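Let's take a walk through a protein model together, one region at a time. Keep the sequence and the 3D view open as you read.

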Amino acid sequence: MMVKAFALLSGGLDSILAVKLVQKQNIEVTGLTFTTPFFGADKARAAARQIDLPLIVLDITTEHLQMLKAPRYGFGKNMNPCIDCHTLMLKIAGRKMEDTGADFLITGEVLGQRPMSQTKQSLHIVAKNSGYADYILRPLSAQLLEPIKAEREGKVDRLQLLEISGRGRKDQMRLAEEYGIRQYPPPAGGCLLTDPMFARRLRDLMERGEDRQIRDYELLKYGRHFRMETGEKIIVGRNSADNDALARLTAEDDLVLSMAHHPGPCVVVPYGRKSAKAFAAALCVRYSDAPNDSEEDVLCSHEGKSATITSKAASKEDCEKHII
Ligand code: SF4
């Protein structure tokens with residue numbers, strides 16, 4: 001019977017090479033990638049297309065948000081709980097492997113490549129906590145690690161796997177050349193949880209302890225964010241892409257403001273806190289094309305009703321004081 005494996009495919013070069021090294025042994029590989037509000041599947045899709053790999057995309061938002069509330073191993077430099085995140089991904093991949101009768105999992109991890117998540121100890125913790133330690137093959141570093149079940153059973157030949165370690169990329173570049181892989185994204189990037197500005201906004205949201213919806217996390221990606229002393233959040237679009245995204249994400253109970261007579265931003269007060277209306281209108285004028293020193297008309301809609309209010313622009317100091 002054909003040996004089968006699922007490869008966790010980030011779309012980065014290492015994950016592509018890990019697939020190639022296993023496919024070489026006539027093993028049937030299927031790619032697996034995950035989406036949440038913090039990272040998507042575009043890179044994995046592009047990589048899968050390039051190497052003609054079937055790919056399954058799973059939305060793991062609910063489980064990921066649950067984990068994010070209290071990651072057992074804490075956060076990295078920003079709001080990235082990499083050890084717990086990897087553990088979760090492997091746990092979900094392991095369940096998929098069991099459900100489909102596949103033999104093992106593949107990751108592109110390289111021993112010692114990343115300070116937090118790829119030390120020998122981290123790899124061990126992640127594998128153990130996922131519940132699938134004996135099923136996780138890291139083809140690029142396999143010869144430096146304990147053999148997994150599939151290796152012991154001869155389903156995969158350990159001697160054809162590699163012993164790469166550390167942060168250098170020379171071996172990977174050589175292999176990419178050998179396999180004719182020409183397009184791949186830079187090794188880091190693509191996860192908003194590692195972005196300092198996004199992390200600040202996320203921390204602010206999570207510290208509120210409110211019962212949040214998925215779209216509250218989506219909203220963190222767009223516009224300038226302000227927090228009032230009384231707790232209300234106000235979001236101001238920076239450009240037309242932001243404005244379109246904010247308009248798409250608004251719900252009926254949000255307060256939505258825009259300029260009546262000048263080009264300007266879409267301003268959203270999630271959950272329609274009326275106490276934020278005056279400052280939201282002042283921000284709307286501030287970031288519009290209207291003169292900053294005159295009273296301007298601002299359209300304000302909430303729960304299907306619209307009204308026009310007048311406001312002057314918020315001061316620079318007020319903006320700086322409240323921006324997240
Ligand atoms: S960088 Fe982001 S996606 Fe990658 S393991 Fe860390 S938290 Fe998860």
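## Ground rules

This is a predicted model, so local features need pLDDT of at least 70 and side-chain atom pairs count only at pLDDT 80 or more, while totals for chains, interfaces and linings use all residues. Residues are numbered from 1 along each chain as its sequence is written, and side-chain values use heavy atoms, with hydrogens and water left out.

Helices (H or I, at least four residues) and strands (E, at least two) are DSSP runs, numbered from the N terminus. A residue is buried under 20% relative accessible area, exposed over 50%, and partly exposed in between (1.4 Å probe, protein chains only).

## The nonpolar cores

A nonpolar core is a set of buried Ala, Val, Leu, Ile, Met, Phe, Trp, Tyr and Cys residues joined through side-chain atoms within 4.5 Å. The largest one here has 34 residues, and Phe-34, Phe-38 and Leu-202 touch the most other members. Strands E1 (4–8) and E2 (28–35) and helices H3, H4, H5 (120–130) and H8 (196–207) each supply at least two residues of this core. H4 gives the most, with eight residues.

Zoom in on Phe-34: leaving aside neighbours within four places in sequence, its contacts (heavy atoms within 4.5 Å) are Leu-8, Phe-39, Gly-40, Leu-58, Ile-60, Met-89 and Ile-92. There's also a second, separate core of 32 residues, which includes Leu-9, Ala-48, Ala-150 and Ile-181.

Now find H3 (residues 61–69) and H4 (residues 82–100). Their axes come within 10 Å and cross at roughly 145°; axes are lines fitted to C-alpha atoms, for helices over the stretch in contact, with angles from 0 to 180 degrees between N-to-C directions.

Which residues of H3 and H4 meet? From H3 come Glu-63, His-64 and Met-67, and from H4 come Asp-84, Cys-85, Leu-88, Ile-92 and Arg-95. They divide into four nonpolar, one polar and three charged residues. Here Ala, Val, Leu, Ile, Met, Phe, Trp, Tyr, Cys and Pro count as nonpolar, Asp, Glu, Lys and Arg as charged, and the others, Gly among them, as polar.

## Tucked-in helices

Seven of the 10 residues of helix H11 (residues 277–286) are buried, so H11 is largely enclosed by the rest of the structure. Among those buried residues are Phe-279, Leu-283 and Val-285.

In H5, the buried residues include Leu-123, Ile-125 and Val-126. What covers the buried residues of H5 includes H4 and strand E5 (136–137).

## A few single residues

Most residues other than glycine have a negative phi. Asp-52 has a positive one, near 60°. Asp-52 lies in the loop between helix H2 (42–51) and strand E3 (55–59), and is exposed at 67% relative accessibility. Glu-303 also has a positive phi, about 45°. Glu-303 lies in the loop between strands E10 (296–302) and E11 (305–311), and is partly exposed at 47%.

Is Cys-300 buried or exposed? At 6% relative accessibility, Cys-300 counts as buried. Cys-300 lies in E10, and the residues that Cys-300 touches include Leu-255, Leu-257 and Lys-277. Cys-300 and Lys-277 are 23 residues apart in sequence and 8.3 Å apart in space, C-alpha to C-alpha.
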